[in-house]
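Work through these exercises with the structure open beside you. Try each task before you read its solution.

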Amino acid sequence: MAKCRTNCIEKPVCICFEIIGLFIGSHPWWFVMAPLIISAALGSGFYFLEDYKSSDIEDQFTPMDGLAKAERRYVQETFPKREGMFSSLRLSTYGVYAVWIASNHTNVWTEETMREVVDLDSRVRNMTVPSEEAGEHFQYLDVCATVDGNCISNAILEILSNNPSNVDQINLTFPIFCSAAGEFNLRQSLGSVKRDNNSVVQSAKAIQLYYYLREDNTTKINLWLEKFISLLSDESTTSIQVSHSTSKSMQWEFDKTPNSIIKLFAITYTIAITYAIISCVRLDQVRSKVWVAVAGVLSSGLGVLSGFGLMLLLGQPFVMTVATAPFLVLGIGLDDMFILLSAWQKTGVLTSVSERLADTYREAAVSITITTVTDALALFLGYSSSFGSVQSFCLYAGFAILFCFFYNVSFLGGVLALNGRREAGNRHWFTCAQIPEDLPPGKPIGYGVCCLGGAYDRDTGAEVGQPMDQFFRKFYGPFLTQGWVKVCVGVLYAGYLATSVFGCYWMKEGIDLRHLASYDSYIIPYYDDQKAHFSLYGPVVMAAVKGAYPYWSEDGRANLSSCMEAFQGLGYVDGQMSWLQEFQANANATGQDISTEAAFLGNLSAFLQLKPAFSQDVNITKDHRINSSRFFLLTRQGDKVSDAEMLTGMRSTAKACGEKLGVELLVYHPSFIYHDQFTVIRYNTIQTLGVSTVAMLVVSLILIPNLLCSLWVAFSIGSVIVGVAGFMSLWDVSLDSISMINLIICIGFAVDFSAHVAYAFVSSSKNNPNERATDALANLGYPIMQGALSTILGVVVLSASGSYIFWTFFRIMILVILLGLLHGLVFIPVFMTAFGTCRN
């Protein structure tokens with residue numbers, strides 16, 4: 001296997017770092033001060049944080065090139081809104097509204113309950129809102145969306161004429177109620193409805209009321225919505241439970257998330273510093289490396305400060321997901337620190353500081369370079385994602401990791417050299433006073449606890465080894481390399497892989513928007529009530545015919561009718577609303593001729609004046625031709641069809657129908673903007689992970705001087721990715737833009753754990769594969785465990801967060817660390833000894 005060496009890169013890199021170590025060891029203060037100055041300069045970018053903070057949910061959590069966004073532009077350009085003719089059905093966005101649901105476990109369709117509903121509706125409509133800008137007070141009447149000059153009404157209250165006593169006198173049919181006042185669609189007005197054989201409502205467990213607002217005065221609208229939220233914050237009674245939300249609630253709640261994370265930052269860095277110090281404290285008062293530990297944590301902080309500051313100076317949007325990056329960088333930085341310290345402790349204490357640092361860099365710098373390059377490269381390749389939240393995170397985290405590496409080599413190296421000078425003078429770690437190595441005569445034993453130090457291994461000339469190093473060398477390594485243990489490891493891996501594949505099979509896709517609010521937000525009960533009572537009926541979807549079409553032709557109308565039937569054949573489309581059907585019915589009733597283009601267009605003009613709402617559904621050019629028109633499809637969703645299935649099913653049907661009609665047909669609803677993620681998230685994730693894995697293999701081949709071991713590193717990446725994906729599914733984490741970020745991170749961490757062990761295995765001077773595995777584990781087993789624990793401590797506080805973003809980051813990072821550790825310390829050492837003799 002010696003012929004598979006590829007150390008033409010590794011050897012020059014080692015020599016280069018050795019030279020760097022010599023220089024830093026000779027001029028440590030330069031490398032302590034320069035990083036502080038550089039990070040302070042780059043950190044000035046935080047001045048622009050508020051300017052570049054981007055928290056728009058649509059921009060960051062939906063595909064930037066999503067098809068629905070192009071469809072929305074077409075709808076807005078072709079069917080513009082008309083003042084005074086508001087129709088929620090015809091909105092190209094969700095509009096601006098407030099909404100509340102009144103529910104109970106028995107029946108809300110009673111006189112007593114409806115009296116409370118009508119009373120609350122009256123208070124909402126009549127609440128007075130002060131406006132400091134205009135110096136006046138206003139009510140719902142002043143900001144409401146209107147039809148013919150009147151505020152848009154709620155169908156269920158219009159049917160009752162706002163008189164609860166009418167409940168027992170009305171045979172209310174569901175989902176459509178027809179009366180002298182017109183036809184009312186009650187699909188989103190009443191929830192959990194029980195009907196008799198004649199579709200008459202017997203009971204309903206929920207009623208939902210909407211209040212749509214005009215969009216001409218943002219200040220007034222926001223004031224009214226805030227007052228609405230305040231009014232509805234505690235309106236539940238013994239007979240009804242009230243939940244509420246607004247069209248802006250999700251965005252407002254999401255904007256609050258950064259405030260909750262500041263305290264977590266402070267806790268995390270306090271824990272990290274404490275852990276690093278504890279890990280570096282020795283009973284030997286000279287060999288204790290407390291200040292090195294503090295510098296290691298500070299290096300990570302400087303990396304975040306510089307990386308984030310640089311991105312802000314370059315004008316890169318700062319998205320909420322970026323706030324998780326410091327936790328990641330902290331773990332990676334401490335991992336590198338422990339690797340450097342482990343190498344330093346193996347150098348001869350009697351040699352010069354610059355030579356010790358050179359030996360340290362020669363031994364460890366390639367190892368931390370591999371992990372840094374792979375971590376950063378995986379993130380930069382993740383920038384190809386279609387999601388703005390992923391792109392922003394990858395840039396910020398990638399540059400922060402690069403700066404963290406730079407400061408670990410320079411700043412931490414400088415501190416390590418200064419600490420080495422102190423040790424060379426046998427000085428106390430805290431007082432810097434010279435202290436004896438052995439207990440002076442006449443001194444009490446307690447004197448030795450705090451006033452002695454400087455001992456080292458007289459045989460090797462290095463510092464006294466850590467007990468955990470001896471554990472890996474004398475116990476764990478020999479145990480892991482026994483034949484029967486290798487068989488057990490193989491069985492364990494087979495079970496791990498089977499469970500992971502099973503979890504991948506059940507993986508859910510797409511982000512639930514409710515997760516973007518904190519778990520204690522007032523909108524969560526509203527979404528719960530929506531799902532419990534109003535999920536049976538889905539959205540009313542627009543179907544737009546793009547371009548000219550012969551609507552006057554009998555064959556043309558028949559083909560169009562056949563197309564609508566094709567939609568209803570999907571199973572979840574159970575009705576339609578069409579200007580053409582209404583127009584044709586009106587023509588038949590009045591005996592109008594619509595068989596020619598001229599007659600059709602002439603009579604259509606009179607019809608649209610009679611029913612002006614339909615005029616918003618027909619785009620007529622100046623030369624009196626129909627340029628485009630739209631219809632509406634009523635859907636019945638329930639639990640049998642997912643959002644993704646509905647979106648893809650309706651789009652494929654629209655494409656087939658368009659080909660049959662000879663025109664382009666599109667389907668659109670505002671929710672499709674968010675559902676577009678279902679069409680790209682899996683492909684986008686697989687593509688990004690695939691490209692990143694190949695890139696990691698190339699890096700490993702270049703820097704690890706053995707082809708077979710590089711392949712084992714690539715194998716570890718794929719195995720950890722499959723494991724994290726499978727187990728995150730079993731842990732009820734969906735594949736979305738947030739978890740996609742963590743899967744990209746997963747690649748880097750998989751390399752971190754396996755590359756350290758693989759590189760130590762290759763570099764070992766032992767002849768027997770089992771001995772090389774033991775040697776590699778003895779040298780790097782403990783530092784890897786320290787790094788893993790530091791990363792876990794870096795993210796564990798996120799479990800206390802009330803945000804889905806941070807809670808998801810915590811869960812997946814725990815999986816990444818534990819599975820990466822399992823591969824690095826169990827699977828990879830065993831597989832390398834069992835299936836290939838990797839040696840440099």
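**Exercise 1: A serine in a loop**

Ser247 sits in the loop between β11 and α10 (249-255). The model is predicted, so local features need pLDDT of at least 70, side-chain atom pairs count only at pLDDT 80 or more, and totals for chains, interfaces and linings use all residues. Residues are numbered from 1 along each chain as its sequence is written, and side-chain values use heavy atoms, with hydrogens and water left out. Helices (H or I, at least four residues) and strands (E, at least two) are DSSP runs, numbered from the N terminus.

Task: find out which residues Ser247 touches, not counting residues up to four places away in sequence.

Step 1. Contact means heavy atoms within 4.5 Å. By this test Ser247 touches Gly95, Val96 and Tyr97.

Step 2. Compare sequence and space. Ser247 and Val99 are 148 residues apart in sequence. Their C-alpha atoms are 8.4 Å apart in space.

Step 3. Check the accessibility. Buried means under 20% relative accessible area, exposed over 50%, and partly exposed in between (1.4 Å probe, protein chains only). Ser247 has a relative accessible area of 25%, so Ser247 is partly exposed.

**Exercise 2: A sheet and its helices**

Task: state the strand order of the open sheet of 4 strands. Then say which strands stand at the edges.

Step 1. Two strands pair if DSSP finds at least two bridges between them. The order is β9-β10-β2-β11, with antiparallel pairing.

Step 2. β9 (190-195) and β11 (241-246) are at the edges. Each has a single partner strand, so one side of each lacks a neighbour in the sheet.

Step 3. From one strand to the next it averages 20°. For directions, axes are lines fitted to C-alpha atoms, for helices over the stretch in contact, and angles run from 0 to 180 degrees between N-to-C directions.

Step 4. Look at one pair. Strand β2 (residues 97-103) and strand β10 (residues 201-212) are antiparallel, over 7 bridges. Trp100 has Leu209 in β10 as its bridge partner.

Step 5. Place the helices. Helix α6 (residues 111-126) packs on the sheet and touches β2, β10 and β11. The direction of α6 makes about 0° with that of β10. Helix α19 (residues 523-533) also packs on the sheet, touching β2, β9, β10 and β11. The direction of α19 makes about 105° with that of β11.

**Exercise 3: A hairpin and a histidine**

Task: which residue is the bridge partner of Cys178 in β8? And is His675 buried or exposed?

Step 1. Strand β7 (residues 176-179) and strand β8 (residues 182-185) pair in the antiparallel sense over 4 bridges. They form a hairpin with 2 residues between them. The partner of Cys178 is Glu183.

Step 2. His675 lies in helix α24 (residues 672-675). With a relative accessible area of 12%, His675 is buried. Leaving aside neighbours within four places in sequence, His675 is in contact with Asp643 and Leu647.
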